[in-house]
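Please keep the sequence and the structure in view while reading.

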Amino acid sequence: MTRTVPIPHGLPMERDAGPFDPPSQITRLRDAHPVSPMIFPDGHEGWLVTGYDAVRRLMADTRFSSRQDIGIQHVPYETPGMPAPTEPSPQVPGLFIAMDPPEHTRLRRKLTGAFTVKRMKMLEEQIVDITELQLDELARLTPPVDLVKEFALPVPSLVICELLGVPYADRDDFQANSAKFMVRDQSLDEKMAAWGAMTTYLAELVTRKRAEPGDDVLSDLARHDDLTIEELTGAAFLLLLAGHETTANMLALGTFALLEHPEQLAELRADPDLLPDAVEELLRYLSVADVFYRYATDDIELGGETIGRGSTVVVSLLAANRDPQRFENPDSLDIHRKARGHLSFGHGIHQCLGQQLARIEMRAGFGGLLRRFPVLELAIPAGEVKLRTDMNIYGVHELPVTWTETAR
């Protein structure tokens, strides 16, 4: 295959085609070279993978390591847990998303039982109750209100606190620190201050749970004597961060997307049986957790290119989920689409542990919101909605909405 020309340094992130679409540069690159060399800001040449098939193969191949301590980082912008470019990143105990087997296997296996489909089904009634109580609170407010503050953030925060055994009274601190941690363009000192505040809090919490375990996931983990407090803290950080950040942004951005597609919104209101497919389609269409990194531990052939050992590889799940080779009319939101097979929860050994929990929360959240607020609409022009283009998880900072009636 003819050698492709590396794209300019930095990863194109400007969503210039609209708030729900990938950057046009990424789309053009995927269509021409789904596996493309790219030049990082420090001059190092790495790779950008955007095609669905290539991304899926890469994420299933454990020769592409998730460890951030195997070499120098060459990142196009700050990402969670990553230090400044060209600085080695030490392995963080318990942060299994950044580990390879066998350490990854050891930690993940201890959590798998807590997130089985069966256990999630048992939790479904409780999640629906939490959602309905929050909808009651929302209905008592005088519109316009910020849907992020009053619904999209509280619901997953309440659920993950209940599941993990984190006191919900502590939510303001961990939400504030997790938000600071997720800001893309900030100094390492600022990021580490937020990390330090969260891990100090969580270390104290898991220490208490080891001494006096309760009926929750962190207590279950704390009962494993072979896990250190540092490992328990790292795992708790990852579960707490992932458990509310991604779902909160899906609920808010998904509502925004549905309000901008009124015909599909009306269909969904008229036929709630469409909800499971609609949730999968929103996950595909929005891909709020977009960019991931892998590090080649060998020379690996992918998409007709040879990715050299030691290379940093940037993976765009958003581009893969919009690949016309996999999904017909991929840039259209279609709640009738059978979008299972999307990569929004990842693929391979690092596929999202809490995906069934997220699906249940979204079905309860979107279903309840559309039922209780039959005339929900934006309270400001769509172009004025504040997008989270400055964060590592995409979404909206605020979503002002209004309504003229509510229902049960």
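Leaving out residues up to four places away in sequence, M59 touches R294, L317, G346, H347, G348 and I349. This model is a predicted one, and M59 is placed in its helix α2, which spans residues 52–60. With a relative accessibility of 8%, M59 falls under the 20% limit and therefore counts as buried. The chain also brings M59 and H350 together in space: 291 residues separate them in sequence, yet their C-alpha atoms are 8.0 Å apart.

Setting aside neighbours within four places in sequence, F345 is in contact with L283, H350, Q351, C352, Q355, A358 and R359. F345 itself belongs to the loop between α13 (317–321) and α14. Its relative accessibility is 11%, so F345 is classed as buried. Between F345 and L283 there are 62 residues along the chain, and the C-alpha atoms of the two are separated by 8.6 Å.

The loop between α13 and α14 also holds N329. Is N329 buried or exposed? At 52% relative accessibility, N329 counts as exposed. Its phi is near 45°, a positive value in a residue other than glycine. S287 likewise has a phi near 45°, again positive in a residue other than glycine. S287 is located in the loop between α12 (275–286) and β5 (291–296), and with a relative accessible area of 2% it is buried.

Helix α14 (residues 355–372) can next be followed to its meeting with helix α4 (residues 117–140): the two axes come within 9 Å and cross at roughly 30°. This crossing is right-handed. On the α4 side the meeting involves residues including V117, M120, I127, L135 and A139, and on the α14 side residues including L357, I360, A364, G368 and R372. By class, the residues of this contact divide into 11 nonpolar, 4 polar and 8 charged. In the loop between α4 and β4 (145–146) lies P144, and the peptide bond from P143 to P144 is cis, with omega near 5°. A cis bond, with omega near 5°, also joins P101 to P102; P102 is in the loop between β3 (64–65) and α3 (103–112).

The crossing of α7 past α8 is left-handed. F174, N177, S178, K180 and F181 of α7 make the contact with K191, A194, W195, A197 and M198 of α8. These residues divide into 6 nonpolar, 2 polar and 2 charged. The buried residues of α7 are F174, Q175, N177, S178 and F181, and they pack against α6 (154–164), α8 and α10.

Helix α10 (residues 229–259) contains N249. N249 has a relative accessibility of 5% and so counts as buried. Its side chain reaches the backbone oxygen of E245 at 2.7 Å. Beyond its neighbours within four places in sequence, N249 is in contact with G254, V288, R388, I393, Y394, G395 and V396.

Notes: Residues numbered from 1 in each chain as written. Predicted model: local features only at pLDDT ≥ 70, side-chain atom pairs only at ≥ 80, totals over all residues. Heavy atoms only, no water. Left-handed = near helix turned anticlockwise from the far one by under 90°. Helix = DSSP H or I, 4+ residues; strand = E, 2+ residues; numbered from the N terminus. Contact = heavy atoms within 4.5 Å. Nonpolar A, V, L, I, M, F, W, Y, C, P; charged D, E, K, R; others polar. Buried < 20%, exposed > 50% of the residue type's maximum accessible area, 1.4 Å probe, protein only. Polar contact = N/O pair within 3.5 Å; in protein donor to acceptor, adjacent residues only side chain to side chain. Axes fitted to C-alpha atoms, helices over the stretch in contact; angles between N-to-C directions.
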